[in-house]
Amino acid sequence: MLHEAYEIIHETMCDLHSGAPPERTVCREADRFAAAVLMQPEIFSALARASGLDVSVLQREYRCSYASVTIRLAEVLRDLPLMAVLYEREERGGPDSWDDQPELRAKVVKRTRGFRLTRTRPLCGDRGGIPRWDRPPPPGSLAELAALTGMAEYDERGGLATTARPVFWKGKLAKVIVVAVPIRHRKVLSTQVVTAPYYHPNCGAALAAP
């Protein structure tokens, strides 16, 4: 409802001011507005850290869109260097009408100011393709692997601790959520990693390290 209210107000103001249709970015701004209203910083920050920065857990807690949660993660946890990317299917309608081979596109790409983007394979794939809005998962990236295997993945290469978690709707892949932090902050992901259906065989020892 907050998302729709923002769009209605925006469209009304555009019509009154210039008569021009709203910009294409209004949908993303509406998600951001809804996130700010629903997810107050102190409580959201505590829940995010307790979940291991798990967007799926936070989405169930707040009962709002995955996009809103992903946006809020990077806006609230400003003291933690992180990057969050949400890949979603483009098909309209329910899973019954979806193709068996999903085409995922990045619909949210957010990072905090302290996160230094490096062209690591888990995040950027074999070709070093930095995640960008409306682009598919980079070939060879952890996001692509999670989409192919249908299981949560974890990697610590390139100086980053990176998770990729698939989200299914009625048995079909709907989204893949990627969260990356510098390796020195890897313990912040521990709750998410140890509860994943599958995780990197080295992550147990790594997370236990000082």
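Biologist: Is Glu88 buried or exposed?
Modeller: Buried means under 20% relative accessible area and exposed over 50%, with partly exposed in between (1.4 Å probe, protein chains only). The relative accessible area of Glu88 is 17%, so Glu88 is buried.

Biologist: What kind of model is this, and how are residues numbered?
Modeller: The model is predicted: local features need pLDDT of at least 70, side-chain atom pairs count only at pLDDT 80 or more, and totals for chains, interfaces and linings use all residues. Side-chain values use heavy atoms, with hydrogens and water left out, and residues are numbered along each chain as its sequence is written, from 1.

Biologist: In which strand does Glu88 lie?
Modeller: Strands (E, at least two residues) and helices (H or I, at least four) are DSSP runs, numbered from the N terminus. The chain has five strands and nine helices. The run of residues 83-89 holds Glu88, and this is strand β1.

Biologist: Which residues does Glu88 touch, not counting those up to four places away in sequence?
Modeller: Contact means heavy atoms within 4.5 Å. Leu104 is 16 residues from Glu88 in sequence, with a C-alpha to C-alpha distance of 5.0 Å. The residues touched are Glu103, Leu104, Arg105, Lys107, Ala174 and Lys175.

Biologist: With which side chain does the side chain of Glu88 make a polar contact?
Modeller: A polar contact is a pair of N or O atoms within 3.5 Å; within protein, one must be able to donate a hydrogen and the other to accept it, and residues adjacent in sequence count only if both atoms are side-chain atoms. At 2.6 Å, the partner of Glu88 is Lys175.
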